[in-house]
Amino acid sequence: RVGASRLWEMSRVLDVPVSYFFEELDGTPQGGAAAGERETDPMAKRETLELVRAYYKIEDPTVRRRIFDLTKALARWGGGSPEST
């Protein structure tokens with residue numbers, strides 16, 4: 001159990017919204033998006049936040065750009081291998 005003020009502090013330190021800690025719960029948080037909207041909106045997922053943070057930890061801009069290009073190419077193929085298209 002965590003008090004509201006402590007939860008708010010933790011969210012501030014981690015630079016995430018308080019709703020981040022309730023992502024896995026069912027139902028609609030007050031003032032938040034419906035559960036179905038959170039599932040379909042990639043920007044509301046924890047995985048997106050982790051991916052963006054990891055991406056910006058790559059210091060070499062050339063490597064970061066190649067990762068970006070690779071990700072876009074994989075998305076065009078639906079995430080599968082190029083042979084499957």
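Predicted model: local features only at pLDDT ≥ 70, side-chain atom pairs only at ≥ 80, totals over all residues.
Me: Where do D69 and R65 lie?

Reply: Both belong to helix α4, 4 residues apart, which is about one turn of the helix. A helix is a DSSP run of H or I with at least four residues, a strand a run of E with at least two, and both are numbered from the N terminus. The chain has 4 helices and 0 strands.

Me: Why are D69 and R65 called partly exposed?

Reply: Buried means under 20% relative accessible area, exposed over 50%, and partly exposed in between (1.4 Å probe, protein chains only). D69 has 35% and R65 has 46%, so each falls in the middle class.

Me: How many salt bridges does the structure hold?

Reply: The count is 2.

Me: How do you know whether S11 is buried or exposed?

Reply: S11, in helix α1, has 5% relative accessibility, so it counts as buried. Contact means heavy atoms within 4.5 Å. Leaving aside neighbours within four places in sequence, S11 is in contact with V16, P17, V18 and F21.

Me: What is the class of V18?

Reply: V18 sits in the loop between α1 (4-14) and α2. Its relative accessible area is 31%, so V18 is partly exposed.

Me: What makes Y55 and Y56 an edge-to-face pair?

Reply: Rings of Phe, Tyr and Trp (its six-membered ring) pair if their centres lie within 6.5 Å; planes under 30 degrees apart count as stacked, over 60 as edge-to-face and the rest as tilted. By this rule there is 1 aromatic pair. The ring centres of Y55 and Y56 are 4.9 Å apart and the planes stand at 85°, so the pair is edge-to-face. Y56 is exposed, with a relative accessible area of 58%.

Me: Which residues make the nonpolar surface patch?

Reply: V63, I67, L70, L74 and W77 make a patch of about 400 Å². Patch residues have over 30% relative accessible area and no salt bridge; like charges are joined within 9 Å, nonpolar side chains (Val, Leu, Ile, Met, Phe, Trp, Tyr) within 5 Å. Areas come from the Shrake-Rupley method with a 1.4 Å probe, and for residues only the protein chains shown count as cover. L74, in helix α4, has 34% relative accessibility, so it is above the area limit.

Me: Which elements have the lowest and the highest mean pLDDT?

Reply: Helix α2 (residues 35-40) has the lowest, 57, and helix α4 (residues 61-76) the highest, 90. For the chain the mean is 76, and 73% of its residues reach 70 or more.

Conventions: Residues numbered from 1 in each chain as written. Heavy atoms only, no water. pLDDT = per-residue confidence, 0-100. Salt bridge = Lys/Arg side-chain N within 4 Å of Asp/Glu carboxyl O.
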